[in-house]
Amino acid sequence: MGNPGDIAERIAILPPLREVIAAHGLSARKGLGQNFLLDLNLTGKIARIAGAIHDGTVIEVGPGPGGLTRGLLSEGAGRVVAIEKDPRCIEALAPLIEASGGRLDVITADALETDIEALGPAPRRIVANLPYNVATPLLIGWLKRAEAVDRLVLMFQREVAERIVAAPGTEAYGRLAVLTGWRAHARIAMTLPPRAFTPPPKVESAVVEIEPRHPPPGDCDIADLERVTAAAFGQRRKMLRGALKSLTKNPAGLLAAADIDPTTRAETLPIEAFVRLARAWRAEMGRG
Ligand code: SAM
């Protein structure tokens, strides 16, 4: 296994990413959410947000031609496991695998169906410029396994990033903010204009840094939290006593059990109150 300085030097002399894309015919496929980052200063900056990447396992989803992967390895990642659905990219990544001196493995798979714990030992960090068409289901899947992850550094469309970090009482506050905020601390670390990508997407993007809380505050099942937030935000402007009719025959009783004012609206309800609601609902369902 090479030392980090040698690896960074070997990576620095690899062909530029534009040449890799041309040589391997990696025309961007919209269905796979392919908007590539070719500026290595930028990918290095994203890699640094991941923090201490020298030990444990860095999991990258969708390395594509390898811009962010180069950044991670040049910044000293001890072990990177990259999951890529597009088989065209695998051949394009061969010189980077070689230059990594055993620190990079690329797996051809669908990240939605990949068990992150099986990819390598903790501490695990997930770092990715996500394919936007599956970014939200990927995030929710990882939040369900948050005990196995130390940090996530993820690129989303800016509008989705704002929904992830939103505070109660704001327009963007909803299910994503509650599910993420219950299980982790999240902040927007960087925003990027469309021109940072090739091809440029239609919208702005943002990198979100998500740090799971170990253990999560308030004991509740994320599946219950998903269910109650779906009902509450399904009709976000209604008072909860009305909005929760899709969840229970007796919304007033459920809200009383959770110590929530029945005239409150979902958009102003803090995360701790959603946790109480999820627990009260579980108890009402006779599973508590
Ligand atoms: N990391 C590269 C970069 O920053 O230039 C590429 C990022 S691009 C936005 C998303 C990548 O995810 C593409 O390479 C795409 O083929 C891959 N991808 C799309 N859906 C995937 C899935 N379900 N599982 C794994 N990779 C996927």
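Figure 1. Glu84 brings a polar side-chain atom to 2.6 Å from an oxygen atom of the ligand. Ala111 takes part through its backbone, with an N or O atom 2.9 Å from a nitrogen atom of the ligand. Taken alone the ligand exposes 590 Å², and the protein buries 99% of that (Shrake-Rupley areas, 1.4 Å probe). Please keep in mind that this is a predicted model, in which local features need pLDDT of at least 70 and side-chain atom pairs count only at pLDDT 80 or more, while totals for chains, interfaces and linings use all residues. Residues are numbered from 1 along each chain as its sequence is written, and side-chain values use heavy atoms, with hydrogens and water left out.

**Figure 2. The shell around the ligand.** There are 20 residues around the ligand, and Gln34, Leu37, Gly62, Glu84 and Asp110 come nearest; a residue counts if one of its heavy atoms lies within 4 Å. By class, the shell divides into nine nonpolar, six polar and five charged residues. Nonpolar means Ala, Val, Leu, Ile, Met, Phe, Trp, Tyr, Cys and Pro, charged means Asp, Glu, Lys and Arg, and the others, Gly among them, are polar. E1 and E3 each supply at least two residues of this shell; strands (E, at least two residues) and helices (H or I, at least four) are DSSP runs, numbered from the N terminus.

**Figure 3. The largest pocket, where the ligand sits.** The ligand sits in the largest pocket, meaning that more than half of its atoms lie within 2 Å of the grid points. A pocket is an open set of points on a 1 Å grid over the protein atoms alone, where a 1.4 Å probe fits, with protein on both sides within 12 Å along at least five of seven lines; lining residues have an atom within 4 Å of a point. The volume is about 460 Å³, taken as the space filled by probe spheres set on points joined across faces, edges and corners. Leu32, Gly33, Gly62, Glu84 and Pro131 lie nearest the centre among 31 lining residues. Strand E1 (36-37), strand E2 (57-61), helix H4 (67-74) and strand E3 (80-84) each give at least two residues to the lining.

**Figure 4. The second largest pocket.** This pocket has a volume of about 290 Å³. Its lining has 14 residues, with Lys30, Gly33, Asn35, Pro201 and Lys202 nearest the centre.

Figure 5. Most residues other than glycine have a negative phi, and most peptide bonds are trans. Thr198 and Pro199 are joined by a cis peptide bond with omega about -10°. His214 and Pro215 are also joined by a cis peptide bond, with omega about -10°. Asp259, not a glycine, has a positive phi of about 60°, and lies in the loop between helix H12 (251-257) and helix H13 (271-284).

Definitions and conventions: Polar contact = N/O pair within 3.5 Å; in protein donor to acceptor, adjacent residues only side chain to side chain.
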